[in-house]
Amino acid sequence: MDLNNNKFFGQLPWNWSGYLNLTALGISKNNLTGRIPTGLGEVSRLQKLYLSSNHLHGKIPSSLGKLTLLLELKLDSNDLSGNIPSEIGQMSRLLNLSLSANNLSGSIPEQIGNCTQLLDLNLSQNALVGNIPSQIGSLPSLATLDLSQNMLESKLPLELGEMKSIETMNLSHNRISGSIPKSFDHCFSLISIDISYNQLEGPLPNISSFQKAPFDSLRNNKGLCGSVSGLKPCSQSTQKNTSRRTTKRMIFLIVAPILATIFLLVVVVGIFIRARPHTRSLENKPQEFTRNMFSAWSFDGKMVYENIIDAIENFDPKYCIGAGGFGSVFRAELPNGQVVAVKKLHGMDDGALRRPKDFANEIRALTNIRHRNIVKLYGFCSNVQHTFLVYEYLEGGSLMHLLSNDETAAKFEWIKRVSIVKDVANALSYMHQNCSPSIIHRDISSKNILLDSEYQAHISDFGTARILRPDSSHWTSFAGTYGYAAPELAFTMEVNEKCDVYSFGVLVLEVIMGKHPGDFILSTLSASSSTSTAYDILLKDIVDPRLSSPSKQESKQVTLVAKLALSCIEPNPLLRPTMKQVCVQLLKEIPSQFNVFPIVTIGQLLDLQMTNV
């Protein structure tokens, strides 16, 4: 039954008892919703099951483990959550398993090692944690392994380098630490490797897949060294130490515990003797903190964690300064006087996160980018009691809150509004053009633009951000805020830079008008196909009436940003400028001088062309 690439919607039926002879079921790339029926586990002769690129949610039913004849299982690009069921290990004939681009959490089950016929395993773009199971290295036929864009940690298992058939391995964008095992020196079948954005260190294995790898596949690690362009060369001592590593490790494991025990005894006795006469003076000495506590986050995370919980009295509502669909934000003043914003993510009844993938996306995006107009992430916590992120605290609040209040909006002068437009444009241009790979925010709106005390703008909330890797699909489910999302997302669901450009255009119009420009956008879109007079609306008639008349320089700049905003909300995405082009235009000086807003209509602004870019 092949129903792939259609426009079916609704939920899958739960009763499959009448399809016991079905061997292949494909309903990928449709608009299905709801959960995967547990009854599919009763279709005992099923060999191929394709449900990818839909909007299915909930857990992967453990009953699928009954499909012992299954050869291919593709559930990628949905909204599935929860753990990967260990029953998948019962599918001993499985050749292809793809669960990527979901919201799966928890650890990778060791039982996957029982799928001894696996050729391709793809668990990327989820929120998986814990270690990479060593059992994966025992899969004799595995050719492609993709575990990228998760939160896997610890060290690489020795067994990964002993796979005889592996050709492509992608472990990028995780938190894997330590050195690359020596077993990889003999992994001659490996053709392509990507270990970027981890915490790996030490020399590269001496095989061509590593030695000839592009720098982008190795970048952003703790301390990799080697002859690849972009990496630091390994020192002679490092190379010698590597060759003798095994012998020294054995000596260390035997001698170190003995020496450590003797040393600790001496230290404890010495501290006890020295501490006795100074007890009174130490009690009176005030406790000292570093100026920026988060510079020592990795050194003593427990101390910082406890200080945060104490500062907001275990998330007392009186410290809450805002709430959204995925979490609540609290203001925390730490003992050293530093103020931070703490976003506590909403959980379900069983304690699991509602959107673990958003949590992973936020961390992945904000730990890999640095820009003065992007909110800083200080750290995060994920344990049984709490899951939260810690950001710099921005006193000005959100742009949406500022514009919705008549008193604060009246003080929000034109020069400050233009400056905020420039800040957001610079940040988006950086994300689109200067990050490798590019990052698409997907939810640019006034609620996600935060301001500091000097009205400098910072883009926040990267939970729905998408990293545009050249070797991955850019099709996804809808994310963003209605009223800001690009119109083409209603039927293409393809993510690219032009989606952010459209949202930016809506945001700029909101800054100029002082309110969301929904009705205005609809009137301008219909003007070309009707007798609408939208083109005849004067610019001075739509600007925020709560502000006084502008100066010459201000009127010139507002005219420019209005022109740019209209080009950004062009219905055809191919006709929209890039954010880099927008930044260039903002730097250009308009030769005309105006005493007030120029007598220019919206239609005339739409006719102006972006030249000399």
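Colleague: Leaving aside its neighbours within four places in sequence, which residues is Val424 in contact with?

Modeller: Leaving those neighbours aside, Val424 is in contact with Ile449, Ala457, Ile459, Phe504 and Leu507, where contact means heavy atoms within 4.5 Å. Please keep in mind that this is a predicted model, in which local features need pLDDT of at least 70 and side-chain atom pairs count only at pLDDT 80 or more, while totals for chains, interfaces and linings use all residues. Residues are numbered from 1 along each chain as its sequence is written, and side-chain values use heavy atoms, with hydrogens and water left out.

Colleague: Which residues touch the most other members of the largest nonpolar core?

Modeller: Val424, Phe462 and Phe504 do, in a core that has 70 residues. A nonpolar core here is a set of buried Ala, Val, Leu, Ile, Met, Phe, Trp, Tyr and Cys residues joined through side-chain atoms within 4.5 Å, and buried means under 20% relative accessible area, exposed over 50%, and partly exposed in between, using a 1.4 Å probe and protein chains only. There is also a second, separate core of 63 residues, which includes Ile132, Leu147, Ile193 and Ile207.

Colleague: How many helices and strands does the protein chain have?

Modeller: The protein chain has 14 helices and 28 strands; these are DSSP runs numbered from the N terminus, with helices being H or I of at least four residues and strands being E of at least two. Of the 613 residues in the protein chain, 48% are buried.

Colleague: Switching to strands, in what order do the 8 strands of the open sheet come?

Modeller: The order is S2-S4-S6-S8-S10-S12-S14-S16, and the pairing is parallel, where two strands pair if DSSP finds at least two bridges between them. Strand S2 (24-26) and strand S16 (192-194) stand at the edges with a single partner strand each, so one side of each is left without a neighbour in the sheet.

Colleague: How many bridges join S10 to S12?

Modeller: Strand S10 (residues 120-122) and strand S12 (residues 144-146) are joined by 3 bridges and run parallel, and Asn122 stands opposite Asp146 in S12.

Colleague: Where is Ser217 found, and which residues does Ser217 touch?

Modeller: Ser217 is found in the loop between helix H1 (208-211) and S18, and Ser217 is buried, with a relative accessible area of 11%. Not counting residues up to four places away in sequence, Ser217 touches Ile193, Asp194, Ile195 and Ser196.

Colleague: Last one: what UniProt annotation covers Lys344?

Modeller: The unreviewed UniProt entry gives the annotation "binding site" for Lys344, though such annotations may be inferred rather than shown by experiment. Lys344 has its place in strand S21 (residues 339-345) and counts as partly exposed, at 25% relative accessibility.
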